[in-house]
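These are my notebook entries on a protein complex. I set down what I looked up, entry by entry.

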Amino acid sequence: MAYVAVKGGERAITNAHTWLGEVRRGDTSVPELSVAQIREQMSLAVDRVMAEGSCYDPDLAALAIKQARGDLPEAIFLLRAYRTTLPRFGATTPIETANMAVQRRVSAAFKDIPGGQVLGPTFDYTHRLLDFKLAAEGGHEVPPAQVSEEIMPTQLATIAQVFAHEGLLEGDPVTDTSEQPYDLTREPMAFPADRDQRLQALARGDEGFLLSLAYSSQRGWGSTHPLCGEIRMGEVSVGFTPDELGFEIELADLPMTECIMLSGFAGSAEQAPQYTRGYGLTFGHNERKAMSMSIVDRALRGRELGEEGQAPCQDEEFVLYHSDVVEASGFVQHLKLPHYVDFQADLQFLRRLRREFFDAKAKALAEQTAHMKEAAE
Amino acid sequence: MTVTEAPARPNAAPEDRYYTYAYLDEQTKRMIRRAILKALAIPGYQVPFGSREMPVPYGWGTGGIQLTAAIIGPEDVYKCIDQGADDTTNAVSIRRFFATVADVATTEDTSEATIIQSRHRIPEQPLADGQIMVFQVPQPEPLRGLEPRETETRAMHAYAEYGLQYVSLYENISAYGRIAATAGYPVMIDERYLMSPSPIPKFDNPKMHMNPAILLFGAGREKRIYAVPPFTRVRSLDFEDYPFETQSWDEVCALCGANDSYLDEVVLDDKGQHMFVCSDSHYCADRREKGHAGPMAGHALAHIETEIAAEEV
């Protein structure tokens with residue numbers, strides 16, 4: 001009886017999860033993946049899980065990917081549910097991306113940006129031809145990349161620094177470090193959203209959702225006329241000042257991707273026209289996300305810059321309430337849970353409406369027949 | 001149908017626990033308790049709270065679980081139902097969660113429970129003073145279907161500006177001849193705040209009025225907590241000429257013969273055969289135990305439910 005399957009007990013759940021474990025492992029004649037293999041060889045998946053999971057830990061992210069059978073939103077959820085149980089002992093000092101040990105840095109605005117263009121490890125300009133050499137198992141030698149004799153400068157000027165002397169680009173917004181930044185993992189979403197809240201939501205936001213929003217903006221649904229000022233990827237050191245020490249110590253070097261998108265010439269009676277910007281930042285290497293984030297960030301600055309926008313990407317309630325993949329995935333998929341109480345209520349109502357509809361039809365037909373009879377007589 | 005002893009580790013030492021007692025850390029519990037107190041002080045008002053990521057997905061009871069985690073103690077007796085039934089998979093899963101992380105005794109008996117967590121139903125058996133009912137809420141905002149913006153709906157509540165809701169009910173009447181809401185039927189709490197009773201069928205709405213138990217509502221994904229304190233007026237919206245009415249059935253429960261309970265329709269085959277059974281599984285089982293029998297008493301469905309219940313013990 002099919003109905004009974006919906007009402008399942010503990011045994012059904014346990015069996016289902018045992019089966020899941022079996023399917024996760026797949027064909028046992030194929031060697032099992034190790035967490036270290038995922039961490040090293042699926043590093044972009046690991047980066048995405050850490051970014052949207054709001055937790056920098058490549059080992060845990062790799063474990064989550066393994067446990068989730070490669071389903072990244074599920075892995076992000078696993079990492080978030082773990083992260084939320086961790087005690088907090090403080091906030092780091094703001095990272096300084098100007099001091100990034102750059103592995104990749106490109107600007108679409110200047111051909112000769114000071115410090116030069118650094119391609120780094122990128123898919124760009126690869127031909128997307130399946131490489132069947134990778135299908136051969138083992139013994140595949142990876143040729144080492146050639147090391148340049150030129151030494152990278154320890155600091156590459158940011159696009160803001162390049163523009164600074166002319167005032168063509170709006171300055172860095174001043175951060176009040178005395179104030180605790182808004183923390184969405186502790187506080188509910190509130191509107192109007194300030195910059196810290198917005199950027200945190202976007203940084204945790206679903207890559208696909210932000211990509212589509214950014215794309216819609218480019219196609220004219222709230223265009224910001226973006227120009228890629230700079231993308232940089234590399235390691236940034238993270239500092240922390242413990243109360244008991246009173247001075248800053250370095251905790252870690254984290255790879256991060258940052259994007260500054262130039263946009264529009266805002267100007268007013270008081271202010272000379274200049275470029276405005278949108279900002280994107282992610283853990284690890286993820287340019288698609290950082291670029292999308294910077295376009296959406298700029299689109300959402302409409303209120304601050306006096307723009308009147310109606311497009312989806314300019315609507316902060318629409319964007320910020322719907323960008324979280326863990327919330328969205330949970331709520332869409334909760335429709336799998338039984339709803340037969342509500343369904344029964346609906347069904348009863350629908351049956352009543354249909355009965356009334358058919359009764360009315362029958363009555364109309366009877367009246368019509370009677371009328372025709374009368375006419376015939 | 002008796003209380004199941006707290007499993008495994010009654011009074012387990014903190015170091016033996018994988019997680020904190022009742023899963024949430026104490027700071028978070030305190031934050032949630034403050035939100036609960038505020039919600040009780042302003043009946044029907046949605047209190048924003050720092051909802052945490054839980055080990056179950058959003059939309060699957062994270063709000064209710066956080067409420068329970070914040071109020072539960074080792075002495076509590078916990079009941080969890082989904083669609084009125086103790087044996088639906090998600091209810092089993094949540095009950096097992098608290099049996100594990102809170103070392104708490106569980107029950108299916110409505111009168112024995114001190115905390116009853118529910119999705120979509122209020123039990124048929126009247127609640128008593130001292131009991132707490134915890135509702136899992138998917139969408140706390142009763143006006144959301146009419147106004148998608150939170151900034152707008154918050155202002156509407158602040159000014160008690162509920163004209164839009166009445167217009168919508170009026171539109172129902174002009175389109176269907178009656179108010180169309182069947183579950184999640186909007187209620188006015190103490191004549192001040194419009195509140196969504198979570199999608200319980202309107203059949204359950206009158207049970208909230210002047211109820212001696214504490215009714216707590218938790219929406220994890222939307223990060224809101226609200227409450228109906230004991231003995232609070234709860235009025236389902238209606239018009240003088242179109243008064244509020246609850247669902248009723250021509251049939252009685254096929255298993256226990258009850259004519260006063262909310263019924264689920266069970267499809268028996270693909271030829272249009274169906275039977276109606278109590279959605280409240282404990283109410284139905286209890287009645288059968290006391291000798292009540294419906295027209296299809298002894299049907300396989302009754303045996304299967306008993307079998308599952310026996311296994312869980």
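Two strands pair if DSSP finds at least two bridges between them.

**Entry: conventions and confidence**

I note that the model is predicted: local features need pLDDT of at least 70, side-chain atom pairs count only at pLDDT 80 or more, and totals for chains, interfaces and linings use all residues. Residues are numbered from 1 along each chain as its sequence is written, while chains are lettered from A and ligands numbered from 1 in the order in which they are written.

I looked up the pLDDT, the predictor's confidence in each residue, from 0 to 100. Chain B averages 91, and 90% of the residues score at least 70. Over residues 305–313 of chain B the pLDDT falls below 50; this stretch has 13 contacts in the model beyond near neighbours in sequence. For the complex, the predictor gives an ipTM of 0.86 and a pTM of 0.89.

**Entry: the hairpin of E8(B) and E9(B)**

I found four residues between the strands of this hairpin, and B:Lys223 takes a positive phi near 60 degrees. E8(B) and E9(B) run antiparallel and are joined by five bridges. B:Leu215 stands opposite B:Val228 in E9(B).

For burial I used this rule: a residue is buried if 20 or more other C-beta atoms lie within 10 Å of its own, exposed if 12 or fewer, and partly exposed in between, with C-beta atoms placed from the backbone. Five of the five residues of E9(B) are buried. In a regular strand the side chains alternate between the two faces of the sheet. I see B:Arg224, B:Tyr226 and B:Val228 pointing one way from E9(B), and B:Ile225 and B:Ala227 the other way.

**Entry: the seven-stranded sheet**

I traced an open sheet of seven strands in chain B, in the order E1-E9-E8-E5-E4-E2-E3, with mixed pairing. Strand E1 (47–48) and strand E3 (105–106) of chain B stand at the edges; each has a single partner strand, so one side of each is left without a neighbour in the sheet. E1(B) runs antiparallel to strand E9 (residues 224–228) of chain B and is joined to E9(B) by two bridges. B:Pro48 has B:Arg224 in E9(B) as its bridge partner.

Which helices pack here? I take two residues as in contact if their C-beta atoms, placed from the backbone, lie within 7 Å. Axes are lines fitted to C-alpha atoms, for helices over the stretch in contact, and angles run from 0 to 180 degrees between N-to-C directions. Helix H1 (residues 26–41) of chain B packs on the sheet and touches E1, strand E8 (214–219) and E9 of chain B; its direction makes about 45 degrees with that of E9(B). H3(B) lies across strand E2 (77–82), E3 and E4 of chain B, at about 160 degrees to E2(B).

**Entry: the three-stranded sheet**

I found an open sheet of chain B with the order E7-E6-E10 and antiparallel pairing. Strand E7 (193–195) and strand E10 (234–236) of chain B are its edge strands, each pairing on one side only. Three bridges link strand E6 (residues 187–189) of chain B with E10(B), and B:Val187 has B:Ser236 as its bridge partner in E10(B).

**Entry: the interface**

How many residues of chain B are in contact with chain A? I read 50, and they meet 39 residues of chain A. Helix H3 (89–101), helix H4 (150–158), strand E11 (263–267) and helix H8 (300–312) of chain B each supply at least two residues of that side.

I then looked up B:His120, in the loop between strand E4 (115–119) and strand E5 (132–136) of chain B. B:His120 counts as buried because it has 27 C-beta neighbours inside 10 Å. Leaving aside neighbours within four places in sequence, its contacts include A:Val341 and A:Asp342 as well as B:Asp82 and B:Pro199.

**Entry: B:Met156**

B:Met156 lies in helix H4 of chain B. I count this residue as partly exposed because it has 18 C-beta neighbours inside 10 Å. Beyond neighbours within four places in sequence, B:Met156 is in contact with B:Leu143 and B:Glu161.
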